[in-house]
Amino acid sequence: MSDFLRQYLLVILFALLAVGVVGAFIGLASLLRPNRPSKGKLENYESGVDPVGSGWSQSQIRYYIFALLFVMFDVEAVFIFPWATRLEEYGYFGLLEMVIFIAILTLGLGYAWRKGVLRWA
Amino acid sequence: MPLSTLALLASFTNQVSASPKLALLAVEFPYWATTLFKLLMAFIAVLIPAGGTVYLYLFKMVSFMQSRLGPMEAGPYGSLQLMAEVGKFAQKEDIFPARADRFVFAAAPYVVLVSTFLLVLVIPFGPDAAFANFDVGVFLALAVSSLSVIGILMAGWASASKYSLLGGLRAAGQLIAYELPLVLAVVGVVIQAGSLNLQRIVQAQVEGEIFGWGALGNPFFLTQIIGFFIFLVAVQAELAQVPFDMPVAESELVSGYMTEYSGFRFLLFFIAEFATANIFAFLASVLFLGGWSLPPFVTDIFGIDSYSNAMNVIGPIVMATKMLLLTFVIYWVRFTYPRFREDQLQRFAWKFLIPLALFNIALTGFFKVAL
């Protein structure tokens, strides 16, 4: 296996290490801890009174449009990183191109701002 | 440090370094041995700094800031308090709420810890003392750091508790908002270094000059002062530390997405939180404070080459020092400022940090091309 692939094998191994560590911690604790479940104990915590309704209640997510904006800017970041590594070769031409690209995206943010998407309502 | 230890360290870490290295003793270890060693070091690099900073800052520094002594009973100056805490958590019953989604509830801590362990993978601690040397190191770090959001959302949803659900949703909203300033702040560093490889970013800081003056090298926090500020603020928010602790706001949400967890499962979230704080501090010191390198005028005085084997031993110590400095700032802020409201928090990210980060990119790009 090449060194390049071995490095990415390490990513998998580290993830497995994390899973192993968590498993070992919880496994170790299961040898020590008491286990005496009761109905009241397994009830969800709601400030000491019986929970009302389901825990999966509906709630208003006020910032879901932010998530759309996030996707827009995250894709932008994906484009900016390769450009950033090669900027020295591109010179003023590359700089101007990216400034235009960023300006268009900033225009998008400005539009969302103007439309009141970024307001808490 | 005896020579044999040096040789052992140098030969265990068989990574490609930025410049030709000086081998003291050419002992080649097989692949499985170096990999096992790396996994052991990763375990140490995640857990020991986490324990250290929890005792030093969360127990002691905060106590002094609040005019009290903090833990004093367990060991000298309460230094074994952490052991006592682990012992306490080990005795706690493992409670799965009756209504919870059992599988997702159990899986959540795994996902969060995976994010933490993958983050430490990219950090270089010396010219050869690194777990791996990724060409896209910065990108990988930023990608795996956002895995923890999924774990937190899983924990919040699976608990089937209103507090947990609100905490999870708040965490998702916050981490999404502050992911962008975090990513965009790093772009300035990448422009200056001209690489996504963390070793090359360190190298660029060692060999850099500020207007022809190279005694300090060019630690990017001097030239990227805006980026450094945005990065630190965004890290604070990504870690959900106080000014940005809406997801776990104790006075309203008990402890947010962790409310229904008990015993070691809770402890794992706790460990992940503090270990991730340390690793983000490591990452910030690599990106902005020169990483494992010493300033060139120091290496000149002692006559050490910046890429020599000696740096594999000095590097981790330098990194630990910088990490302690940056985590000090994180906890200092944590125990100084009051909490942001959710709308203020979102507004700060979208209307201030992101435009500022974009401006910083354009400015850095201009200086890079013009100078």
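Okay, a quick definition before we start: when I give an angle between two helices, the axes are lines fitted to the C-alpha atoms over the stretch in contact, and the angle is taken between the N-to-C directions. And keep in mind throughout that what we're looking at is a predicted model.

So, let's go to chain B and the pair α4(B) and α12(B). They pack with their axes 9 Å apart, at an angle of about 20°. Angles under 35 degrees count as roughly parallel, so that's what we call α4(B) and α12(B). As for handedness, the crossing of these two helices is left-handed.

Who's touching whom? On the α4(B) side, the contact residues include B:Ala106, B:Pro109, B:Val112, B:Leu113 and B:Leu119. Over on α12(B), you've got B:Leu268, B:Phe269, B:Ile279 and B:Phe280 among them, and B:Arg265 is in there too. Sorted by class, that contact comes to 13 nonpolar, 2 polar and 1 charged residues.

Which residue does the side chain of B:Arg265 meet in a salt bridge? That's B:Asp94, at 3.0 Å from N to O. The two sit in distant parts of the chain: B:Arg265 is in helix α12, while B:Asp94 is in the loop between α3 and α4, and they're 171 residues apart. Buried or exposed, these two? Both are buried.

While we're on salt bridges, there's also a network in chain B: B:Arg170, B:Asp245, B:Glu252 and B:Arg339 are joined through bridges that share partners.

Here's a more local one. B:Glu85 pairs with B:Lys88, with the closest N and O atoms 3.1 Å apart. Both belong to helix α3 of chain B, and because they're 3 residues apart there, about one helical turn separates them. B:Glu85 is partly exposed, at 21% relative accessible area, and B:Lys88 is partly exposed as well, at 39%.

A:Glu89 and A:Arg86 form a salt bridge, 3.9 Å from N to O. A:Glu89 is exposed, with a relative accessible area of 53%, and A:Arg86 is partly exposed at 42%. Over all chains, the count is 10 salt bridges.

Last stop, helix α5 of chain B, residues 137-145. Of its 9 residues, 7 are buried, so the helix is largely enclosed by the rest of the structure. If you want to find them on screen, the buried ones include B:Val138, B:Leu140, B:Leu142 and B:Val144.

That's my tour, thanks.

Note on methods
Residues are numbered from 1 along each chain as its sequence is written. Chains are lettered from A and ligands numbered from 1 in the order in which they are written. This is a predicted model: local features need pLDDT of at least 70, side-chain atom pairs count only at pLDDT 80 or more; totals for chains, interfaces and linings use all residues. Side-chain values use heavy atoms; hydrogens and water are left out. Buried means under 20% relative accessible area, exposed over 50%, partly exposed in between (1.4 Å probe, protein chains only). Helices (H or I, at least four residues) and strands (E, at least two) are DSSP runs, numbered from the N terminus. A salt bridge is a side-chain nitrogen of Lys or Arg within 4 Å of a carboxyl oxygen of Asp or Glu. Axes are lines fitted to C-alpha atoms, for helices over the stretch in contact, and angles run from 0 to 180 degrees between N-to-C directions. Angles under 35 degrees count as roughly parallel, over 145 as roughly antiparallel, 65 to 115 as roughly perpendicular and the rest as oblique. A crossing is left-handed if the near helix is turned anticlockwise from the far one by less than a right angle, and right-handed if clockwise. Contact means heavy atoms within 4.5 Å. Ala, Val, Leu, Ile, Met, Phe, Trp, Tyr, Cys and Pro count as nonpolar, Asp, Glu, Lys and Arg as charged, and the others, Gly among them, as polar.
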